[in-house]
Amino acid sequence: MKKTLLFIAMLLGFQAFSQKNIYENSRFDQLSENHEVLAIVPFIAKLELKQTLSKEEKIKLAEREGYAVQDALETYFSRRKKRKKFNVEFQNIKNTNAILAQNNITYENIDIYTVKQLSDILEVDGIISGNLDLNILLSEGVPTDFKFLDYFSGDADYGRIGVKISDGASGKLLWKYEKEITKKTGKNTTELIDRMMKLATKKFPYDKEKKRKKRKN
């Protein structure tokens, strides 16, 4: 009985912690009223790896991680979109990356462009972007060997991810979700995105069900 109560307390604590990591603009409904299409751009990754790498190698690996998250997010949204869970469309990332390349926007310089500039170039209503801080290569998979003491020593902490949605017209931040990356998060990029977004589902601003409940209230 005591173990069950402890588990429930930990679960509730985790859920409360997760929700504190979610921000939604108080003017979200007003700013996103006419949103129809969002673009997912490559995430900006910062790597702190144990192995010694040249600056060029580090940039190349960071780029790979950033594109891996972009791809995983598209996969997640595509699956849920088939079940008609969202009230917006998501631009195909192949098209997104092609348009960026045609405008000489690369992984190395995308961060110098404003949300409004990117939205105008991509002809979308909003931008999904984010940051990654990693001490492993998540796209290669999280180490599967597990020791219970890892959770206390900190060895299970592989970094942090932040997903944000910004309004194309105003450039304002509409929604943001941050999460630590650990062995519990998932074995690879796809699992990480799938699990973290499932935790945020009830708080995802473009969720049809959430919008319906808001109207009722």
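Leaving aside neighbours within four places in sequence, which residues is Ala200 in contact with? In this predicted model, the answer is Ile22, Trp175 and Tyr177. Ala200 sits in helix α7, which covers residues 189–200, and it's buried, with a relative accessible area of 0%.

Zooming out, the protein chain has 8 helices and 7 strands. It runs to 217 residues, and 41% of them count as buried. Looking at contacts between residues at least 6 apart in sequence, 73% join residues at least 24 apart. The accessible surface is about 13,100 Å², with 52% of that belonging to carbon and sulfur atoms.

Now for the rings. The model has 11 aromatic pairs, and here are two of them:

| Pair | Geometry | Centre to centre | Angle between planes |
|---|---|---|---|
| Tyr76 and Phe77 | edge-to-face | 5.7 Å | 70° |
| Phe204 and Tyr206 | tilted | 6.1 Å | 55° |

The Tyr76 and Phe77 planes are 70° apart, and the pair counts as edge-to-face because that label applies over 60 degrees. Both partners are tucked away: Tyr76 is buried at a relative accessible area of 4%, and Phe77 is buried at 1%. Phe204 and Tyr206 are buried too.

Definitions and conventions. Residues are numbered from 1 along each chain as its sequence is written. This is a predicted model: local features need pLDDT of at least 70, side-chain atom pairs count only at pLDDT 80 or more; totals for chains, interfaces and linings use all residues. Side-chain values use heavy atoms; hydrogens and water are left out. Helices (H or I, at least four residues) and strands (E, at least two) are DSSP runs, numbered from the N terminus. Buried means under 20% relative accessible area, exposed over 50%, partly exposed in between (1.4 Å probe, protein chains only). Contact means heavy atoms within 4.5 Å. Accessible areas come from the Shrake-Rupley method with a 1.4 Å probe; for residues, only the protein chains shown count as cover. Rings of Phe, Tyr and Trp (its six-membered ring) pair if their centres lie within 6.5 Å; planes under 30 degrees apart count as stacked, over 60 as edge-to-face and the rest as tilted.
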